[in-house]
Amino acid sequence: MSPEPSARLPRPRPPFFGLRRLRWRDLRWLDALVFSMPLWLVLLFLVAAPMARYLDARVFSDWWTRSESLARLADAQLHTLARLPEALSLSLRLDAEHPDPRWIRLHVDRDVWNEWQSEPLALHGDWVEATLLEGPRLHEVKLRKRGDTSVHWLTPKKSFTLKTGRGDLVRGHRRLSFSAKTPVEQVVVGQLARDWGLLAPETFLAPVFVNDRFYGVFRASELVDESLLRRAGRMPGDVFRGDTAERGENYRGLARNLWHSPALWERVARNDRPTRPAVSGLERLLGNLVRTDLSALDEREHLVDRGELARLLAFLLVVGDPYHMTNLHNQFWYEDPSSGRLHPIVWDIRLLALDAAPPHPLNSGFLSLLRDPRLFDEVMTELARRHADGSLLGGSEERLAAIEQGLEGPLRFEALRRGVIPDLTDPSQVGARLQANAATVADWIDDAQVSVAAGDADAAGWRILDVTVAGHAAVEWVGFEAADGPVAWVADADRNGRRDPSDPRGVASPGSETARLRLVPAVSAADWRLAPAPQHYRFFVRGEAAPRFVNALTGAPVAAGRTPPGTSLATAPGHHLWALPGHSPGAVAPPAPVTRLAGALELRESLRIPEGGRLEIAPGSVLRLGADVSILSRGRVVAQGTPEAPIRIEALDPKRPWGAFALLGEGASGSRFRHVEFRWGGGAELDSVEFKGMVDVHHAHDVVFDACRFRDNLRSDDALNAVHAQVDVRHSEFLNANADAIDFDYSRGEIRGNRFVAAGNDAIDLMTSSPRIVDNEIEGSGDKGVSIGEASAPWIEGNAIRGCVIGFEVKDRSAPWLVANRLEGNGVDLLQQVKNWRYGGGGRAKWIGPGLAPAGLEVAPDASSRLTLEEGAAAPAWVQRPLLAEMSFESRFEPLTPDQSWEVRGARTRLDRAGDELVLRARKGRAGARRRFSAPGPGLGLLEYSLAAGGRAELHWRQGEREHVVPLTPTKAPGQYAFATWPLAAGGEGRLTLLAEPAEGTGRGELRIQALRFLGEAP
Amino acid sequence: MGEGGAIGRWARALRGHERGFARAYLLGLALLVAAWLVPAVRAATSTQLKRASYRAEQRWLERVATARDWVEEGNWPAAERALLRLDAELPAHHVKHGLSLERGQVLADLARTHAALGRKRRSLETVRRLVAFEPRNYGHHVLHGSLADRFAETGEAVRAWQRVLEIHPNHLPTVRALVTHHADAGDAESAVGVFETYLDAFGTTPVRRGPDTLVQALPVDGRWHAFDAWVPDVDERGDGATALPVAVETLSEVADLQVVPSWQAGRSQPAVDGPGRWRGRIRAFKPVDAALWATVERSCRNLLAFERLAALAERTRVSEDPGEGLGRDPELQS
């Protein structure tokens, strides 16, 4: 019998989730599953996510992932859960449209971005297209993952490189790397390196937003390439990069010490000139550093700058990390083709505690360099100097304060992050560590130790006096404590342990100072630590007196300890100071060798004048040089001919050019050439330095060529080439130059009253140079009369340029003042353009004097360039006034300080830095911007501006009770600028107000300011 | 199985004790979450997971070792099957991945195995993949050169050897291969040029005396070099070349040896022990074997370049067992 239908129906189940309480008695599977969902989510978040990350990390095997553990990741996940509300609240407050120039705002296609983030090596090696928003400007950029180890890819914020198109630089850079690894400390250290005058990439802390969501705080840094060299004012040349550490698997099987194999290095910037030296500077340096004999030190003087190395090591000590430039990586060295020297580039230096145990040994290169005992002494001297003048930490404290204030939100958000993410480093910890290191350095400066062992007197009354110096600071022996009478002393300069007649000697009167003898410690790298080691100096004295010492860095007296007689005296791995030529006590520098040339001479071998030497060429001399024979002087040259008896320097065979007449180094400063004729020279490579002119001046100043003649040079680029030099060329002739007649690279000086005829290329070629070029006559150049390139800013006045293909060519952000020049019969009179994209723009010429168009001059238009006109029959009087102060509006990554800030007026006003201009935009109403200035003195204010046709604008200057109003007239064409002037009263504060109104009918107005200058009184 | 089977019984039990099981499930889950909050549990789980992960790797590595054994035994068919499977499981895609050494090794063995089985195309494709995977490993280029040479792809072999010498200019077998190749092709000038480049190539060797390293890096180029070496304890007095108790990794000659002891404080006598210096001149020679030197000598004579030959002979000493040359990773050498 079947049961009653009602009895078979299940009893209706009361709900488990009651209104007031849970009914545990009625719990069912479905209820349990629903009830457990949050728990599962929590478990998934806490367990599965760290496990997935751990397994992701296990794919790699490097120092970063080897240190990773699931437990740590799980802890981090718990931390994240606990701080989630705070993080969400913070992220909502981070605004991508923040006006701070450091904030980077990127937009990437969402699908591409999801793939980028999906796994560590997704899209690795591929460039991803993106858009960078910089105020009103959009840059089309590309992104690519970067880094050598998984620390850069496993993290949720992955390190990347940003690249723009050529000619579209982002605040002066085409390529920037964004690194997630310890950004705060590395930015502070990188900027400190630049404070110390070291070659280092520009670096800054950048909060990055992707698709308007905060991605992370990164260390943005320019890459080491030719652009870095140019921005740093260095001649383009080879940059060698050594990195076999994390890329070590790629050099598997080889000994990887970079200092023992040039094959392990690569070039990241290239000197591709055909005249570059056959053997690279790197090979010469490595070959030199493996040598242990004394003569290697002499050659090293031409390979590296010891002062710069001392500065580098001193800086590395301040940041506590002389170790991370290891034998395996972080080595970048630039070879300057104009000097043949190598310069270190600071890269990836950490901030460590100076007194902590070193994490790596010092690299072999530093150890070899430190065999020179002068180097460590110079390191300590540099530290003492900077400690005394307060520049030890440069602007680090201000920067840390700016970071803490300006980036507070992003830093707080980052501090909440845990997991597979490198530490950000708290700015206050960075500051504290720098201060601690500075305190350690101060202790070292005071650390002078000396001990003395005195022997028994011999029959003649002479006693051995062994002095051992052991502290960080050198000591100076300054005489004797109170003695009964004069004390005779002999220094064992040849270190044979005996008193020889050749040993230097002297007599010290009681209480008075002897010649101050500097005694430096040796250096040791035992236990990997860079530390001083005892160094021994032997003297012989006659008379009863104790020697007196002072700290050579501070001048404080040093109490001498006692060495037990008979013990073995210390020696150290490096060279002894007295073994170096000219460094033994009492050594007298030999008189500077003078080489005199007179009469008719034939030179069949190159002549070299050493630094400190002098070359004199008598009037009427005729030097005939064999093929490729050169004269290289590191000392001063005096070649003073007369109109009646000029000096001639020419080739033995006119068909086979001689090399170069080259001045190299500061020792050649002050050289004079008068009535000298050079011809048939061809340039040369001498001592691994390229000399691309017939006559060359490198790294010397105050060199004058007066009434000279340069003609018919062969093969070489230039008749006269100056590099990093200050040269005056007056009343000279340049005839039939092979290519350029005068080529100035990173140089200054005066080119006045010369005549240039038929130069094969340019009469005057400037690269990042700012000479005064006045009253010259230029005829028939094969290319330009004056070529002004690579951010040059010369003053060019009163020159006549005739029959050249191009009169003036202004390019690559060069801003010459072209004042009252006469141009006739040139193909194009003024050409402005971009030639090298690394400078980010075309010419910025300022034309003053007779008008261009009325004079019928040919001006080639160019959209990337600007031309500022002040036309008139004659140049206005203000051009002669001295420049007191100048303000440009280059948009960089530095935070805006209050004194740089403009106050914007008007609701519809927009004020931006765009490229290198300040742009005031008005929309449907008047726009205004004002700021205060300290007027530098009585004189004139000078505004360089552009205002579109139909636009209306005014400048107001209020100083004290007086206010000047200057109407700004529209400029004639796009890219054209004008000057406006107003009087400045003496001293006090002034307020400058710029006002712009929309042009009629458009509703928009735009005033562009290129520069603001304050000029002094007329001379 | 139907309702009467084990599953049915379980289903009935679950239905019958639904409330109890549901409570147990919730309790268990809550305990799991609570346990995860205990650091010791997280640490223990981490260790277990790491072990499991290492065990999986270890099994793969053992199979790699077995495949290597088959390669060395010449059991090519078995080796080929095993290596293809190993490559498919953990392919050599990116050198930054873990086990990159072994992944590369699998590819190298596979290329060799294909070659032994006469599969030219597969062998060369595999070795090219290997070179692309780790382009700065000179060993891969050496293998590339030898396989290309074996299959008479001379141009490819020469390019591979040149790449070896760019990375490792002191690799003697490659120098020998290139010199022989040029000499056999009648290009004596190139043969001599390669040898001269080898002699000039930057190479160093440490100079040791007992436990001390006198010179970290002595240039090895057959030329005399002065040295000035500090030692922590001068306990011997050498007075000539023959007495120099030093060890150099290549053939070498010593001259003008001097020992400079330190002094006793306050005394005119030198110390009998303690730190001091060794000074002198030393020249070390690049490893060269007789066959290579004979080829170079013959090439110079063919060029009638007797002065050049004399200059090379001055800088060359033939050794019986020159090995692979200078510059190898000391860890691998040991």
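Reply: Of the 1019 residues in chain A, 58% are buried. Here buried means under 20% relative accessible area, exposed means over 50%, and partly exposed lies in between (1.4 Å probe, protein chains only). The model is predicted, so local features need pLDDT of at least 70 and side-chain atom pairs count only at pLDDT 80 or more, while totals for chains, interfaces and linings use all residues. Residues are numbered from 1 along each chain as its sequence is written, chains are lettered from A and ligands numbered from 1 in written order, and side-chain values use heavy atoms, without hydrogens and water.

Chain A has 16 helices and 69 strands. These are DSSP runs, numbered from the N terminus: helices are H or I with at least four residues, strands are E with at least two. The C-alpha atoms of chain A fill a box of roughly 145 × 95 × 65 Å along the principal axes.

Now the charge pairs. Over all chains, the whole structure holds 102 salt bridges. Each is a side-chain nitrogen of Lys or Arg within 4 Å of a carboxyl oxygen of Asp or Glu.

Start with a buried pair. Asp372(A) and Arg374(A) meet in a salt bridge at 2.9 Å, N to O. Both Asp372(A) and Arg374(A) are buried.

Next, Arg813(A) and Asp916(A) form a salt bridge at 3.3 Å, N to O. Arg813(A) sits in the loop between strands S52 (806-811) and S53 (817-819) of chain A, and Asp916(A) in the loop between strands S61 (909-914) and S62 (917-923), so the pair ties together parts 103 residues apart in sequence. Arg813(A) is partly exposed, at 23% relative accessible area. Asp916(A) is buried, at 11%.

Arg279(B) forms a salt bridge with Asp228(B), and their closest N and O atoms are 3.4 Å apart. This pair links distant parts of the chain: Arg279(B) is in strand S6 (residues 276-284) and Asp228(B) in strand S3 (residues 225-231), 51 residues apart. Arg279(B) is partly exposed, with a relative accessible area of 24%. Asp228(B) counts as buried, at 8%.

Salt bridges also join up in chain A. One network links Arg624(A), Arg648(A), Glu650(A), Glu677(A), Arg679(A), Arg709(A), Glu733(A) and Arg755(A).

Asp56(A), Asp109(A), Asp111(A), Glu115(A), Glu119(A) and Asp126(A) form a negative surface patch. Patch residues have over 30% relative accessible area and no salt bridge; like charges are joined within 9 Å, nonpolar side chains (Val, Leu, Ile, Met, Phe, Trp, Tyr) within 5 Å. Lys and Arg count as positive, Asp and Glu as negative; His and the chain ends are not counted. Asp111(A), one of the patch residues, lies in helix H6 (residues 110-118) of chain A. Asp111(A) is exposed, at 61% relative accessible area.

Thr316(B) is in the loop between helices H12 (306-314) and H13 (330-333) of chain B. Thr316(B) is buried, with a relative accessible area of 8%. The side chain of Thr316(B) reaches the backbone oxygen of Leu312(B) at 2.6 Å.

Terms used:
Accessible areas come from the Shrake-Rupley method with a 1.4 Å probe; for residues, only the protein chains shown count as cover. The place of a charge is taken as NZ of Lys, CZ of Arg, CG of Asp or CD of Glu. A polar contact is a pair of N or O atoms within 3.5 Å; within protein, one must be able to donate a hydrogen and the other to accept it, and residues adjacent in sequence count only if both atoms are side-chain atoms.
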